[in-house]
Amino acid sequence: MSGAALNSQRGRLLSDTLAAAKSEGRSALIAYLPAGFPTVDGGIEAIKAVIDGGADVVEVGLPHSDPVLDGPVIQTADDIALRGGVKIADVMRTVREAHAATGKPILVMTYWNPIDRYGVERFTAELAEAGGAGCILPDLPVQESALWREHAEKHGLATVFVVAPSSKDQRLAQITAAGSGFVYAASLMGVTGTRTSVSNQAQDLVERTRATGTDLPVCVGLGVSNPAQAAEVARFADGVIVGSAFVKAMLDAPDDAAGVEAVRVLAGDLAKGVRGQA
């Protein structure tokens, strides 16, 4: 298969996966886990487990020493990964092995600085070669994203931007016009973390994002931690994004094997939630 054909196939995988969930009358379940946590090998096994449990898409976090969006649970996991010496090469290996083992779309979620230092062309080429579906870039302003998008599009990678309740309608329109794959709707102001209830701002943000006329799926993250919350969000969003709950399940486990089993079980419960079976 030619490089162009591979890029086209890779670019369709994420869209096709989200469309397939919609055709089943449900939201997609999107799981987040950082690379290198608790180890590189252990992180790969955890990602395979959440997919085995029922996740449709996985976001692989690129651990960062100063994350602006992530709360204490994910910061703890990032610290463990960074102390273990995780590198961008390990992130690429995680994507490669998780995708090869499951065939599911695997994205990288990262802040901009590591990509800028690594080199945009190098990063996008290596992510595409690893079978990655794209990137979620929470701190890259859309008006400064042209270079990234040029290289991402060349390699068939989706560019997922984050919108928040504070985003004005004009900015929502700019973001949906520039993005691809899906729109990540942060359901509340603040950092990631499990919460006892889902913000009532989430549905309004989804509706305002769709009102831009975009045909991109709108997926909601920040705060979902159990099947009931997943079912609640699934009623109005195209995808339900869960991160801190998976990381916490691994942090709370007595050993790595138990952590892998815990995230498999949690994924199964959340998969029931997005199907309205919770």
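**Exercise 1.** How many helices and how many strands are there in the protein chain?

*Solution.* The structure examined here is a predicted model. Counting the elements of the protein chain gives twelve helices and nine strands. The chain has 278 residues, and 58% of them count as buried.

**Exercise 2.** Determine which strands pair with β7, and in which sense.

*Solution.* Step one: locate strand β7, which covers residues 183–186. Step two: consider strand β6 (residues 162–163), which runs parallel to β7 and is joined to β7 by two bridges. Within this pairing, Val162 has Tyr184 of β7 as its bridge partner. Step three: consider strand β8 (residues 218–221), which pairs with β7 in the parallel sense over four bridges. Here Ala186 is bridged to Gly221 of β8. Step four: include helix α8 (residues 169–178), which together with β6 and β7 makes a right-handed β-α-β unit.

**Exercise 3.** Which residues of β7 point one way, and which the other way?

*Solution.* Val183 and Ala185 point one way from the strand, whereas Tyr184 and Ala186 point the other way. All of these residues are buried.

**Exercise 4.** Decide whether Leu266 is buried or exposed, and identify its surroundings.

*Solution.* Step one: Leu266 lies in helix α12, which spans residues 256–274. Step two: a residue counts as buried under 20% relative accessible area. Leu266 has 14% relative accessibility and therefore counts as buried. Step three: leaving aside residues up to four places away in sequence, Leu266 touches Ser225, Ala245 and Phe246. Step four: Ala49 is 217 residues from Leu266 in sequence, yet their C-alpha atoms are 9.8 Å apart in space.

Technical notes. Residues are numbered from 1 along each chain as its sequence is written. This is a predicted model: local features need pLDDT of at least 70, side-chain atom pairs count only at pLDDT 80 or more; totals for chains, interfaces and linings use all residues. Side-chain values use heavy atoms; hydrogens and water are left out. Buried means under 20% relative accessible area, exposed over 50%, partly exposed in between (1.4 Å probe, protein chains only). Contact means heavy atoms within 4.5 Å. Two strands pair if DSSP finds at least two bridges between them. A crossover is right-handed if, with the strands pointing away from the viewer, the path from the first strand over the helix to the second runs clockwise.
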